[in-house]
Amino acid sequence: IEAWDEVLKQADAIEQKDPGHMAALYLRGAALHGTGQSKEAHEVLTRVLALGQPTPELYKVNGDVLARLDRLEEAEKAYRTALTLKPKYGDALVGLGGLLLRRDKREEAARMVLQAKEMDPGSVRVRLALATVRAAEGKTAEAIKELTDLPRQSWTPRVALALGELYVRAE
């Protein structure tokens, strides 16, 4: 949360010099989302989108916020818009894959996350997403392999926790 507090301070500094600045609003929306204030984040990001210079990153973050608010159809539209603007956007592919998995569209979720893996095979975020998809498909061994194939030095606490959960399922 401390890092998000710093981002909010940066947004404040920019807005003092230039109220309504697109970058400041984007930073504020991302920081609010990062601190769990999704409703407020969505309000800010909606203002940024209305400024008329949307970026794939903006649509992706808005998709994340909408997904957290359980506005799944709108979130899917946001992710797909991000991918229309930037077809090989790994974070949007992962976000859309996770959303599709929540909507029980496992095959399409797997396709999205596999595309992200093709672009960035060493990404911890992508591998965690793919392990989640594989586990949902009942392919626990494949899910474990996705994570254990990562270089050990890249393992985060989330990887260790996910592997622990997967090993328990495998027994």
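**Exercise 1. State which residues form the network of salt bridges, and how many salt bridges the protein has.**

Glu76, Arg80, Arg103 and Glu108 are joined in a network of salt bridges, where a salt bridge is a side-chain nitrogen of Lys or Arg within 4 Å of a carboxyl oxygen of Asp or Glu. By this rule the count is 19. The model is predicted: local features need pLDDT of at least 70, side-chain atom pairs count only at pLDDT 80 or more, and totals for chains, interfaces and linings use all residues. Residues are numbered from 1 along each chain as its sequence is written, and side-chain values use heavy atoms, with hydrogens and water left out.

**Exercise 2. Determine where the partners Arg127 and Glu146 lie and whether they are buried or exposed.**

Step 1. The two side chains form a salt bridge with an N to O distance of 3.5 Å.

Step 2. Arg127 belongs to helix α8 (residues 124-136) and Glu146 to helix α9 (residues 140-148), so the pair ties together parts 19 residues apart in sequence. Helices are DSSP runs (H or I, at least four residues), numbered from the N terminus.

Step 3. Both residues are buried, that is, under 20% relative accessible area; exposed means over 50%, and partly exposed in between (1.4 Å probe, protein chains only).

Technical notes:
Helices (H or I, at least four residues) and strands (E, at least two) are DSSP runs, numbered from the N terminus.
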